[in-house]
Amino acid sequence: MVWRRNRRPSKDGSGWHLDEEKTRRYEMPKEQSSRVKQSFKMPNPWTAIRIIFWKDTALVLWMAGSPYAIWYCVQASIPPIYKDVYGFNDFHVGLAYLPGGFGTVIGGYANGKLMDWNYKVTARQIGHTVDKIFGDDLNHFPIEKARARGSWYMLAVYLCALGGYGWAINFHAHLSIPLILQFVLAALCTAFQQTFNALLVDIFPASPSTAAASGNITRCALSAVAVAILQPMVDGMGRGWYFTLLSLVSGGGGIITNWLITTRGMTWRRQRLQINNIN
């Protein structure tokens with residue numbers, strides 16, 4: 001078969017001979033593919049779990065994971081709230097999710113612009129020239145300050161919006177109020193997740209997929225706990241106090257965490273890198 005496929009007539013008409021160029025073109029991929037041995041390596045989940053216990057990483061994971069868990073609680077609370085308090089049918093309950101969807105899209109887009117601006121401002125404050133071609137050396141750049149910059153204002157609004165959402169429902173406020181607060185919460189939760197997930201990859205440039213896996217583990221675990229205690233806590237303390245408690249834990253804790261990231265994050269990151277280099 002190889003001879004028939006790769007043969008060509010001789011120029012003098014004496015017969016056929018093998019076309020070496022054609023043979024090389026057909027046979028080389030087979031030879032190359034035979035040399036390549038594909039191997040499957042089982043991923044080690046402990047590598048992603050171990051990241052959680054570093055001081056600098058734990059702070060970043062909390063800032064990325066707790067707003068995600070809070071937003072899950074808000075979404076899980078929508079059907080009973082709008083059916084029991086506002087008398088919605090199933091179709092109207094479905095429409096009540098739209099403000100959150102719009103908030104997610106708009107918050108993600110606006111925060112992307114804000115992250116770029118914060119990075120440039122931080123670089124300008126320390127006299128650093130941004131390298132748009134090869135990227136900056138983050139070992140000597142306060143990326144924690146660049147990412148966390150401006151989060152103070154968002155955390156203040158987030159804390160008020162989350163507590164206000166619970167009390168607006170508790171006092172049967174006008175329908176527009178909880179819907180607007182859902183929009184605000186969706187935008188802010190998306191902004192926090194986007195900002196600190198980016199920071200998580202920034203401080204683990206050599207293993208971004210492992211860092212992302214660690215983030216997924218953390219936020220899913222926090223969401224599972226928050227949703228599991230949702231109904232028992234609401235039954236015991238009411239919607240107003242429940243969402244107030246969430247705002248203090250997530251928003252108040254976020255203010256402390258953001259301060260630690262800004263003031264101690266780079267130092268703890270360097271300590272972690274030194275320990276890893278020694279090991």
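This report describes the helices, packing and confidence of a predicted model of one protein.

**Overall build and confidence**

The protein has 11 helices and two strands, and from the N terminus on its elements run α-β-β-α-α-α-α-α-α-α-α-α-α. Of its 279 residues, 40% count as buried, while the accessible surface comes to about 16400 Å², with 63% of that area belonging to carbon and sulfur atoms. Among the contacts with a separation of 6 or more, 76% are made by residues 24 or more positions apart.

The mean pLDDT of the protein is 83, and 82% of the residues score at least 70. Confidence is lowest in helix α1 (residues 2–6), with a mean of 44, and highest in α9, with a mean of 94. Two stretches call for caution, and they are set side by side here.

| Stretch | pLDDT | Contacts beyond near neighbours in sequence |
|---|---|---|
| Residues 9–18 | below 50 | 17 contacts |
| Residues 30–37 | below 50 | zero contacts |

Where pLDDT is low, the predicted coordinates should not be read in detail.

Along its course α4 bends by about 40 degrees at I78, and a proline, P79, follows within four residues.

Helix α6, covering residues 98–125, has 28 residues and reaches 40 Å from its first C-alpha to its last, close to the 40 Å expected at 1.5 Å a residue. Its buried residues include the glycines G100, G103, G107 and G108, and also N111, M115, N118 and Y119. An α-helix has 3.6 residues a turn, so residues three or four places apart point the same way. The buried residues of α6 pack against α4 (55–84), α5 (90–95), α7 (143–148), α8 (151–170) and α9 (176–202). Just after α6, G127 takes a positive phi of about 70 degrees.

**Aromatic pairs**

The structure holds 10 aromatic pairs. One of them joins Y158 and F192 in an edge-to-face arrangement, with 5.5 Å from centre to centre and 75 degrees between the planes. This pair links distant parts of the chain, since Y158 lies in helix α8 and F192 in helix α9, 34 residues apart, and both Y158 and F192 are buried. Elsewhere, Y82, Y86 and F88 form one aromatic cluster.

Methods. Residues numbered from 1 in each chain as written. Predicted model: local features only at pLDDT ≥ 70, side-chain atom pairs only at ≥ 80, totals over all residues. Heavy atoms only, no water. Expected span 1.5 Å × (residues − 1). Buried < 20%, exposed > 50% of the residue type's maximum accessible area, 1.4 Å probe, protein only. Contact = heavy atoms within 4.5 Å. Bend = angle between axes of the 7 residues up to and from the residue. pLDDT = per-residue confidence, 0-100. Areas by Shrake-Rupley, 256 points an atom, 1.4 Å probe, with all protein chains shown as cover. Phe/Tyr/Trp six-rings, centres within 6.5 Å; stacked < 30°, edge-to-face > 60°.
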